[in-house]
Structure formats: C-alpha cells, structure tokens
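I opened this entry to look up one residue and its surroundings. My notes follow the order in which I checked things.

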Amino acid sequence: MKENWNGNEALMGLFPDLFSLCTNPEETVAEVWSIHGWNIVFRRHLNDWEIGRVAELLHVLNDFNGLSAEKDSIIWKHSRDGSLSVNKLYIKEVNEYPGGKPGPWKQIWRNKVPTKVKCFSWLVARRACSTHEKLKSRGFYITSWCSLCNETEETNNHLFLHCKVTTQLWNLFLGLTHTEWIMPEHTADLLSCWISRGGRKSKKKWWSIIPSCIWWCIWKERNSRCYDNKANSIEKVKWNCLTTFYFWCKEEGIEDIAQILDFIGTL
Ligand SMILES: [Zn+2]
C-alpha cells in the first residue's frame, strides 16, 4: 500500500486516513487479495464516515485484474511497452512545454555564446539554477533574500526577470533597440517571446544573445554579493554586462553590432 503499484498514486497517499487504521501497513497486494476479493483488516470497527472512504478505496481497486504469474517489474508508464529510453524521456520530461508546444530550448543551444553560458541559460530557463528557491525545494533551510534589491525572496523568476536591478539591464538593451516590452512571468516564456519579437524579424544575430548575457552577469553579481561580500554599483553592473556582450559578439564573429558599439562609445 506504500508503493505506486496501480499506476496512479500509492494508496497510502490517496487514503491516509484508512492507511493509519490498517492492521498491517506493510502487507503486499498478494497478501490481501484473493480470487474472492480484497481482505483488508482494520485495527478497530469503522465509523460511519469511514465506511464511505472504504467504498472509495474499493472503487479505486475495482480495476485490478488479479495477480499474474509474472515476476514483478518496474515499468515506465509514459511508453506503451513500459520501457524507458533516453529519447522518450527527453521528449516527455525535457522538451515538453506548458500548452503542449515545443519549448524554446533549441535556441539556447544555437546561441552564439560560450558553452558554459549555454548550460547556465538552460538551467535558468528550466528554473533549475541554484537560487534560494531551488535550494529550499531541495530541503535546505535558508532565509531567502534577494541580494540585489534586498526587498523580497530570491526566486528564479525574480532574480533573472523582475528584480529592480535586473530590470535596469533589460531596460538598457530594450532602450537601445527602442523595443516596447512587457516582462513575462517565467524565464522560459521570456525566451519564447524574445526570439519571436526581435530575432526573426530583425535578423539581428546579437538579439538572441541578450537574455543569456543578462542572466550570466546578474548571476555573477549575485554570487559576488553572496560569497565575496562585494557589491558593484548598478553602473558597474551595466558596464560589465555591455562589455561581456560586446566580447561575446566579437568572439563569435557577429559583425552587425555597430549600434552597440556606438552606445558603448557614448558611455
Ligand atoms: Zn531583487
């Protein structure tokens, strides 16, 4: 009853009230089921309201087809034959995006930035970067605080999209290109909108680099504040971001960055 053997959820999770009344919670399906039906024994007589719950339990168990002589095995329910393959796992767990659409993952790997930055951008877009939000979800007890603005908890979306310090970097590039923009809620959504807004229309190769550049510089600044106790001014953070952007463009041979160069020259 503690294991997910019928493909939905462990009965312990579905019926915790009844599970606590079981005489032997460790019993296996083979021990409580026979061709005559289920033989689940409770520690005491059931109250009226608990009888309804037992009816619900039996309804869930109704689909059980009986034991077979086959040896028990673990199956992966997302494939027809129950086998797990890397390809199916990728499609199911990685490539899937809310709404059933393909996620903006390919553009991360196609981006003309250093490989370590591609990997980092992937983590940010998947909300898997080691922010306080992620560490807390893994069971760490920490007092979460955004080290950039000191105003709220550090979540992935706040740090990389909505923090007032990060917003200034976004506005820097958006102002440069005179782009109207409404910031989406999630980092993956930003990537989807970002390319459709500027990448395909303008064909500017450097446009798709901007999110990775901002995220990389924000993360470095955040780590500097968290671990080295060193905070750069917002002007310095902007400068670091622009110069990083410029060097990545130069490194990858992106030439249509005259606009950026002109802007840096005015600083
Ligand atoms: Zn903040």
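**Contacts of one valine**

I began with the neighbours of Val165. Leaving out residues up to four places away in sequence, Val165 touches Leu148, Cys149, Ile234 and Val237. I note that this is a predicted model.

Next I looked up where Val165 sits. Val165 belongs to helix H10, which covers residues 164-176.

Buried would need 20 or more.

I then checked a pair that is separated in sequence. Val165 and Ser233 are 68 residues apart along the chain, and their C-alpha atoms are 10.0 Å apart in space.

**The helix pair**

The crossing of H10 past H13 is right-handed.

I listed the residues on each side. H10 brings Val165, Gln168, Leu169 and Leu172, and H13 brings Ile234, Val237, Lys238 and Cys241. By class, this contact has 6 nonpolar, 1 polar and 1 charged residues.

**Whole protein**

Last, I took the overall counts. The protein has 14 helices and 2 strands. Of its 267 residues, 18% count as buried. I also looked at contacts between residues at least 6 apart in sequence: 50% of them join residues at least 24 apart.

How values were computed: Residues numbered from 1 in each chain as written. Predicted model: local features only at pLDDT ≥ 70, side-chain atom pairs only at ≥ 80, totals over all residues. Helix = DSSP H or I, 4+ residues; strand = E, 2+ residues; numbered from the N terminus. Contact = placed C-beta atoms within 7 Å. Left-handed = near helix turned anticlockwise from the far one by under 90°. Nonpolar A, V, L, I, M, F, W, Y, C, P; charged D, E, K, R; others polar. Buried ≥ 20, exposed ≤ 12 C-beta atoms within 10 Å, placed from the backbone.
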